[in-house]
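This report describes one protein model, part by part. Please look at the sequence and the structure before reading on.

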Amino acid sequence: MNSENLEFLQDNLKYLGFGDKLLLNQQLEEQVTKELKDFVLETEVFYDDETKMEIVLHFRRSDQLDMYFFNKYEALLRRGDDPETDRTQTFYISKGTGITLKEAFNLLQGRAVNKDLTNVEGEKYNAWLQLNFEEIDINHNYKVRQFSKQYGYDLEKVLEKYPIRELQLEESKILLFKALKRGNLQPVHFLKANKAEKMFVEACPQFKTINIYTSVAKAMQKLAKRPAPDVKREVPEHPGGPESEERKEEEAVTLEEGVEEGIEIPVEKSAAKKGSRR
């Protein structure tokens, strides 16, 4: 077994928000030791009493090197007992970087995430990403909208229009920006007639504004049942590239971010399976 490769994979899991859970790391080590061509690990994350994500992580052994790579993970968001509200997306990993677990949760909740990206030519740029739940590509993924700097969305200028208490102190202001860029639905306090009213806000790059809610429940109303989306018969514009087992790792769009903070730690259950998808 390649110990350095195992440590690299464990770092991948930590960076992407899967935490340092002993069980998941143990199962990873067991599968790497077997030297299979590919394998998957399964886990689930609970965010509240009604919301959880079921995750399938895909690992594949290189044909040229004695190394495994964490290529992608499938995230299924479940809310309550109504399967018609379930949402699923495959997120691709390149060189150990990609959409973190919490960012995947936020994207599947319908919110936008800000990421530093690198295209296939190696050029770096920043963009807001948001899933389009009305269009599905040939790989059964939601298409991804991108709003780059040229689109003209300036989160700081938008927030300055509102009497938000957290903007008055530099420390809380920075934390608010970071939270909204990760796609969080963030609690803030609006100052009204010498009173501080608690509200919830999220970034809305498409309309160059923020969405404001009086409660989390109000924000979740947008996750009502949707009609079956159209399937578009072209190569998807996905930040991780189209799904292909033969796709070269270095051809994928990569993402550059720090370690995700404040992640709800997963793994109420975990399991490993060889090669198959659920």
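Which residue in E3 does Phe 59 stand opposite? Phe 59 faces Phe 70 of E3.

## Confidence in the model

The structure is a predicted model. Its mean pLDDT is 82, and 79% of the residues reach 70 or more. Over residues 231–270, however, the pLDDT is below 50. This stretch still has 114 contacts in the model beyond near neighbours in sequence.

E1 and E2 run antiparallel and are joined by nine bridges. One of the paired positions is Glu 42, whose bridge partner in E2 is Val 56. The hairpin from E1 to E2 passes through four residues.

E2 and E3 also run antiparallel, with eleven bridges between them. Six residues lie between these two strands in their hairpin. Nine of the eleven residues of E2 are buried, so E2 is largely enclosed by the rest of the structure. In a regular strand, side chains alternate between the two faces of the sheet.

H1 has 13 residues, which at 1.5 Å a residue should span 18 Å; the C-alpha atoms at its ends are 18 Å apart, so the two values agree. Just after H1 comes Gly 17, with a positive phi of about 95°.

The buried residues of H1 are Asn 5, Leu 6, Leu 9, Asn 12, Leu 13 and Tyr 15. Is Asn 5 buried or exposed? Its relative accessible area is 2%, and because buried means under 20%, Asn 5 counts as buried. Not counting residues up to four places away in sequence, Asn 5 touches Asp 66, Met 67 and Tyr 68. With Tyr 68 there is a specific atom pair: the side chain of Asn 5 reaches the backbone nitrogen of Tyr 68 at 2.6 Å.

## Helix H3

Helix H3 covers residues 101–108, and eight of its eight residues are buried, so H3 is largely enclosed by the rest of the structure. The buried residues include Leu 101, Phe 105 and Leu 108, but also Lys 102, Glu 103 and Asn 106.

Which strands do the buried residues of H3 pack against? They pack against E1, E2, E3, E4, E5 and E6. H3 is followed by Gly 110, which has a positive phi near 100°.

## Salt bridges

Side chains of opposite charge can pair when their charged atoms come close. The structure holds nine salt bridges. One of them joins Lys 115 and Glu 103, with an N to O distance of 2.8 Å. This pair links distant parts of the chain: Lys 115 is in strand E5 and Glu 103 is in helix H3, twelve residues apart. Lys 115 is buried, at 0% relative accessible area, and Glu 103 is buried too, at 2%.

Another salt bridge joins Asp 66 and Arg 61 at 3.0 Å, N to O. Here Asp 66 is partly exposed, at 43% relative accessibility, and Arg 61 is partly exposed as well, at 21%. Asp 66 is also one of the residues that Asn 5 touches. In a further pair, Asp 86 meets Arg 78 at 2.7 Å, N to O. Asp 86 is buried at 18% relative accessible area, whereas Arg 78 is partly exposed at 28%. Asp 86 and Arg 78 belong to a network of salt bridges that also links Glu 44, Lys 52 and Glu 54.

## Helix H4 and Glu 156

Helix H4 covers residues 155–159 and contains Glu 156. With 35% relative accessibility, Glu 156 is partly exposed. Leaving aside neighbours within four places in sequence, Glu 156 is in contact with Lys 173 and Phe 177.

How far apart are the C-alpha atoms of Glu 156 and Lys 173? They are separated by 9.5 Å, and the two residues are 17 residues apart along the chain. The side chains of Glu 156 and Lys 173 are joined by a polar contact of 3.3 Å.

Methods. Residues are numbered from 1 along each chain as its sequence is written. This is a predicted model: local features need pLDDT of at least 70, side-chain atom pairs count only at pLDDT 80 or more; totals for chains, interfaces and linings use all residues. Side-chain values use heavy atoms; hydrogens and water are left out. pLDDT is the predictor's confidence in each residue, from 0 to 100. Contact means heavy atoms within 4.5 Å. Buried means under 20% relative accessible area, exposed over 50%, partly exposed in between (1.4 Å probe, protein chains only). A polar contact is a pair of N or O atoms within 3.5 Å; within protein, one must be able to donate a hydrogen and the other to accept it, and residues adjacent in sequence count only if both atoms are side-chain atoms. The expected span of a helix is 1.5 Å times one less than its number of residues. A salt bridge is a side-chain nitrogen of Lys or Arg within 4 Å of a carboxyl oxygen of Asp or Glu. Two strands pair if DSSP finds at least two bridges between them.
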